[in-house]
Amino acid sequence: MFGRWFYVRVRAAERALEQGRLDDAYAAAQQPDVREHPDAAGLLDELARMLTARARLHRQAGRLADALADLDRVAQLGRLSAEADDLRRQTAAELQRHASDAAEQRAAYAQAADHLRAGRLETARQALRQVADPEQRAELADALDERVRRAGELLARAGEALERGDVLAAVRMWQDARARFGQTPAADELVLRLGKALRTLVEAWYREGRLERLQAVRAAVAALVPADPTLSEPERLVELCARAAGQLAARQFDALRQTLLRVKAGGGEAPWLT
């Protein structure tokens with residue numbers, strides 16, 4: 001009975017092979033009773049030859065996984081010649097290189113997208129050069145250009161506010177542009193102008209003893225210090241004036257004297273100090 005089933009499988013495999021249905025032929029031929037039977041040797045040899053030929057075509061077309069699968073089938077049949085084994089190793093190595101390249105490209109895309117989401121626009125632009133896929137690169141480039149455009153619109157309004165002397169409004173719009181759209185060369189350029197304007201205000205209000213104005217500018221100075229470290233001294237002076245005002249209100253005169261000495265050292269002589 002088992003012999004009858006053997007010949008049924010062999011005949012099914014032969015018919016499938018004659019019709020070019022290699023997968024069906026393999027499904028029948030790879031059964032242990034067929035694969036190990038001496039009478040099936042010719043069938044297995046021909047099937048291995050055709051699978052190897054199909055593997056070459058797959059590889060030439062770039063279907064490396066399909067090529068490797070066919071060569072693995074040849075190995076499963078126990079018919080892996082030296083030539084087929086060499087082809088198998090080359091295909092596996094090439095498939096690994098492709099997988100590595102694909103992983104690098106996924107990492108490059110993710111890195112560029114992360115820079116974009118974080119608002120590091122110029123860094124994102126540099127990272128885009130490492131993204132090889134044209135569609136992915138175009139997608140990120142469009143998003144980047146849109147951010148730059150919208151940031152530019154807001155920064156232009158900030159520049160207009162600065163021109164008319166509304167420094168605090170200009171700083172708020174600069175902050176908004178940075179927070180919503182990211183860091184751009186235009187924002188870096190504007191921060192220098194904003195820093196200069198704030199220093200002028202702090203110096204003038206300090207000389208005039210306008211402590212309430214200094215309190216109003218406190219948040220703006222603090223916001224600009226990370227981008228313009230030269231504002232650290234004006235920031236310290238504003239903080240000291242705020243402390244002095246609080247100590248005066250609380251009638252902490254001993255502490256106030258010490259604070260005023262530090263204010264004078266940082267800001268120089270001013271009529272209101274006396």
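Reader: What is L194 in contact with, leaving aside neighbours within four places in sequence?

Author: L162, A170, V171, W174 and L224; contact means heavy atoms within 4.5 Å. This is a predicted model, where local features need pLDDT of at least 70, side-chain atom pairs count only at pLDDT 80 or more, and totals for chains, interfaces and linings use all residues. Residues are numbered from 1 along each chain as its sequence is written, and side-chain values use heavy atoms, with hydrogens and water left out.

Reader: Which residues touch the most other members of the largest nonpolar core?

Author: Of its 37 residues, W174, L194, L198, V217 and L224 do. A nonpolar core is a set of buried Ala, Val, Leu, Ile, Met, Phe, Trp, Tyr and Cys residues joined through side-chain atoms within 4.5 Å; buried means under 20% relative accessible area (1.4 Å probe, protein chains only).

Reader: Which elements give two or more residues to this core?

Author: Helix 8, helix 9, helix 10, helix 11 and helix 12. Helices are DSSP runs of H or I, at least four residues, numbered from the N terminus. Helix 10 gives the most, 9 residues.

Reader: Which residues are buried in helix 9?

Author: V167, A169, A170, V171, M173, W174, A177 and F181. Their cover includes helix 7 (121–128), helix 8 (134–163), helix 10 (185–208) and helix 11.

Reader: And what follows helix 9?

Author: G182, with a positive phi near 115 degrees.

Reader: Changing topic: is D228 buried or exposed?

Author: D228 is buried, at 6% relative accessible area. It sits in the loop between helix 11 (211–224) and helix 12 (232–249). Not counting residues up to four places away in sequence, D228 touches V191, G195 and R199.

Methods: Buried < 20%, exposed > 50% of the residue type's maximum accessible area, 1.4 Å probe, protein only.
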